[in-house]
Amino acid sequence: MKVGYLGPRGTFTEMAARGLFVKEDLIAYRTIPACMDAVAKEEVELAIVPIENAIEGTVNLTLDYLIHKQRLPIVGGVTLPIVQHCLIHPQNKEKHIEKIVSHPHAIAQCHDFLQQTHPNAEWEYMNSTAAAAEYVANHPELPVAAIANDLAAEEYELKVAHANVHDYQQNRTSFIVLRKTTKAISIDGAERSEDKTTLMVTLPSDFSGALHQVLSAFAWRKLNLTKIESRPMKTGLGNYFFIIDVEEKQDNVLIPGVISELEALGCGVEILGSYPCYDLAIVKTEA
C-alpha cells in the first residue's frame, strides 16, 4: 500500500508516517494540498498530514483545504513529540549564520533560542522543516541554518549545531490520516490511545444563542469535547463553521442523537471522520 506524506524526506510527518505504517511504501509530496490531492487521484491510498501543534495551534492550510477543496474522510490520527535542532552544513561556521530557514511553526516554537543565539539573523519560511534542511544541504556556501529534526539531520548529512532548541519541552503535533473511503486503517507499530469523532457544524444565521445550544447537545449526553474551533466559511464576514472533536467513537445512540438535535435547531452537521488515534510517545508493549 502507498502512503503519501508531507515531504521532502526528513519531515516530522515522515516520522509520524513511519511510526504508523512500518511496512508500507511511503511517498513524499512537497505541499499539504499535493499530498491530499494524491489521495483523491488514487496515486496513494492514504495520506498523512499535520493538523495541530500544541504550541502554534491548528494547521489552517490542512483544515481549510480539507473543508473547501478536497473533502476526504479522516480515518486515523497520530500524535508525535516534537524535538527541534539547529542544523548547519558541515562546511559552514555556526558563528557566521545570517539566516534561519524553517517552517513558520518551527521558527515560532524556537523563538527564545533564536533571540538568544542568533538575534540578528533573518528568518525565511519554507514548506516544511525538511525542506529547510534540504536547502541548507544544497547551499554549503551560504551562511544559513535550518530548524529541523534529527531525521532531517541524518537524511541531509547536516551537523547539529544546537540540540533541543524548542522553547517548550511538551511540544507535540497531531496528524490525521485521510482516505478516499471510510475503510478502517490497519496499524502495526503504534499504541492506540483513544477514539475520536470529528464533526463540522454550521450555525443558522438567524438563531440567537445557537452555539450554546450546540454545546448543550453534547453536554447533557456527557460527551467529552477535546476541541472546538471556528473557521471562516469564506462566503462573507461573520460566516463561520465549527470543528468539534468528540472523545468517542461513533455509536448508534449518542452521536446520532446529537446530530438529530442540532439539525432540529437548523444547524448543518457533517461527520468528517470517526477514527482511532495513536500516540508515538507511548511505547508499545507485548502482552
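The model is predicted: local features need pLDDT of at least 70, side-chain atom pairs count only at pLDDT 80 or more, and totals for chains, interfaces and linings use all residues. Residues are numbered from 1 along each chain as its sequence is written, and side-chain values use heavy atoms, with hydrogens and water left out.

The protein chain holds 9 helices and 15 strands. Helices (H or I, at least four residues) and strands (E, at least two) are DSSP runs, numbered from the N terminus. The radius of gyration of the protein chain is 21 Å, close to the 19 Å that the globule rule gives for 287 residues, so the chain is as compact as a globular protein of that length. This radius is taken over C-alpha atoms, and the globule rule is 2.2 Å times the number of residues to the power 0.38. Along the principal axes, the C-alpha atoms fill a box of roughly 65 × 45 × 35 Å.

Of the 287 residues in the protein chain, 49% are buried. Buried means under 20% relative accessible area, exposed means over 50%, and partly exposed lies in between (1.4 Å probe, protein chains only). The accessible surface of the protein chain comes to about 13,800 Å². Carbon and sulfur atoms hold 47% of that surface. Accessible areas come from the Shrake-Rupley method with a 1.4 Å probe; for residues, only the protein chains shown count as cover.

Contacts (heavy atoms within 4.5 Å) also describe the chain as a whole. Among contacts with a separation of 6 or more, 76% join residues 24 or more positions apart. The protein chain carries 25 positive and 37 negative charges, and their mean positions are 3 Å apart. Lys and Arg count as positive and Asp and Glu as negative, while His and the chain ends are not counted. The place of a charge is taken as NZ of Lys, CZ of Arg, CG of Asp or CD of Glu.

In helix α2 (residues 32-40), 7 of the 9 residues are buried, so the helix is largely enclosed by the rest of the structure. These buried residues are I32, P33, C35, M36, D37, A38 and V39. They pack against β1 (2-6), β2 (25-29), β3 (46-53), α3 (60-68) and β11 (172-179). Helix α6 (residues 129-138) is mostly covered, with 8 of its 10 residues buried. The buried set in α6 is T129, A130, A131, A132, A133, E134, V136 and A137. Its partners are α1 (12-20), β6 (85-88), β7 (99-102), α4 (104-109), β9 (144-148) and α7 (150-155).

Within helix α2 lies I32. I32 is buried, with a relative accessible area of 6%. Leaving aside neighbours within four places in sequence, I32 is in contact with L6, V49, P50, V59, L61 and T62. I32 and Y135 are 103 residues apart along the chain, and their C-alpha atoms are separated by 19 Å.

Residue S174 sits in strand β11. S174 is partly exposed, at 23% relative accessibility. Beyond its neighbours within four places in sequence, S174 is in contact with P50, I51, E52, V78 and T79. S174 and V59 are 115 residues apart in sequence, yet 9.7 Å apart in space, C-alpha to C-alpha.

The cysteines were checked next. A disulfide is a covalent bond between the sulfur atoms of two cysteines. Here the criterion is a pair of cysteine sulfur atoms within 2.5 Å. The whole structure has 0 disulfides. The closest cysteine sulfur to that of C35 belongs to C277, 18 Å away and too far for a bond. C35 is buried, with a relative accessible area of 0%. C267 also counts as buried, at 6% relative accessibility.

A cis peptide bond joins G7 and P8, with omega about 5°. P8 lies in the loop between β1 and α1. E157 has a positive phi of about 55° although it is not a glycine. E157 lies in the loop between α7 and β10 (159-162), and is exposed at 64% relative accessibility. K222, another residue other than glycine, has a positive phi near 60°. K222 is placed in the loop between α8 (210-219) and β13 (225-232). K222 is exposed, with a relative accessible area of 77%.
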